[in-house]
Amino acid sequence: MNLAAAAPGFLSPTGVEIAFLLVGLVTLGAALVTVTTRQLVHAALWLVVALGGLAVEYLLLTAEFIAWVQVLIYVGSVVVLLLFGLMLTKAPIGHSPDADSRNRPVAIAVALAAAAALVWVVVDAFRTTWIDLDGAVQGSTKVSGEILFRHWVLPFEALSVLLLAALVGAIVLSRKKKEGER
């Protein structure tokens, strides 16, 4: 029996792998449009598409809990907070020439360096990591909850305080000043 015909390989992807690749390309495109557009509201809406694409990727990886957390927290809360901030600070809705600082070469160099460092760290961290196939299913609610509440509670709480401070700051900036106030 031919082993190449028995198991799918790199040249014979499954439907899930094709969907993963296509959704990944759409998500990458949406992320690029998010950071290159000069209209702030359009950037926020493309951010919704990019974050939604990540949620679909989690679903394709059978990590349903993480996918719904992605939708509820990032798509639901962070983008709504961003749009509230735009509305409360009276940011320009249409084309904004102030959105471009003309430092694109420096920004591209920093982004490429950060991406290279991130890829190097992830590859180095997971080079010798093996998944225990006899334990609980990776990506399940039980395993995700244990990891989330054991290792990631403090960063999530810090993020919530940061988001609250941003919302309070947007409200303070949006208040109209009276004649006698500074």
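This is a predicted model: local features need pLDDT of at least 70, side-chain atom pairs count only at pLDDT 80 or more; totals for chains, interfaces and linings use all residues.
**Close-up 1. A nonpolar patch on the surface, made by Ile18, Leu21, Leu22 and Leu25.**

Close-up 2. Stepping back for a moment, you can count seven helices and zero strands in the protein chain. Read from the N terminus on, the order of elements is simply α-α-α-α-α-α-α. The chain has 182 residues, and buried ones account for 14% of them.

**Close-up 3. H2 meets H3.** Here's a handy way to look at this view: two packed helices can be described by the angle between their axes and the distance between those axes. For H2 and H3, the axes come within 8 Å and cross at roughly 160 degrees. That angle is over 145 degrees, so H2 counts as roughly antiparallel to H3. As for handedness, H2 and H3 cross in a left-handed way.

Close-up 4. Along the chain, leucine 60 and phenylalanine 20 are 40 residues apart, yet their C-alpha atoms are separated by 6.6 Å. Leucine 60 is part of helix H3. Is leucine 60 buried, partly exposed or exposed? Its relative accessibility is 25%, so leucine 60 counts as partly exposed.

**Close-up 5. Threonine 62 in the loop between H3 and H4.** Now slide along to the loop that links helix H3 (40–60) with helix H4 (64–88), where threonine 62 sits. With a relative accessible area of 47%, threonine 62 is partly exposed. The cut-off for exposed is over 50%, which is why 47% leaves threonine 62 in the partly exposed group.

**Close-up 6. H4 alongside H7.** This view pairs H4 with helix H7, which spans residues 153–174. Their axes lie 8 Å apart and the packing angle is about 20 degrees. An angle under 35 degrees counts as roughly parallel, so H4 is roughly parallel to H7. The crossing where H4 passes H7 is left-handed.

**Close-up 7. A salt bridge between aspartate 124 and arginine 127.** Side chains of opposite charge can pair when their charged atoms come close. How many salt bridges does the structure hold? The count is one. It joins aspartate 124 to arginine 127, and the closest N and O atoms are 3.5 Å apart. What about exposure at each end? Aspartate 124 has a relative accessible area of 38%, so aspartate 124 is partly exposed. Arginine 127 reaches 54% relative accessibility and therefore counts as exposed.

Definitions and conventions
Residues are numbered from 1 along each chain as its sequence is written. Side-chain values use heavy atoms; hydrogens and water are left out. Patches are made of residues with over 30% relative accessible area and no salt bridge: like charges are joined within 9 Å, nonpolar side chains (Val, Leu, Ile, Met, Phe, Trp, Tyr) within 5 Å. Accessible areas come from the Shrake-Rupley method with a 1.4 Å probe; for residues, only the protein chains shown count as cover. A salt bridge is a side-chain nitrogen of Lys or Arg within 4 Å of a carboxyl oxygen of Asp or Glu. Helices (H or I, at least four residues) and strands (E, at least two) are DSSP runs, numbered from the N terminus. Buried means under 20% relative accessible area, exposed over 50%, partly exposed in between (1.4 Å probe, protein chains only). Axes are lines fitted to C-alpha atoms, for helices over the stretch in contact, and angles run from 0 to 180 degrees between N-to-C directions. Angles under 35 degrees count as roughly parallel, over 145 as roughly antiparallel, 65 to 115 as roughly perpendicular and the rest as oblique. A crossing is left-handed if the near helix is turned anticlockwise from the far one by less than a right angle, and right-handed if clockwise.
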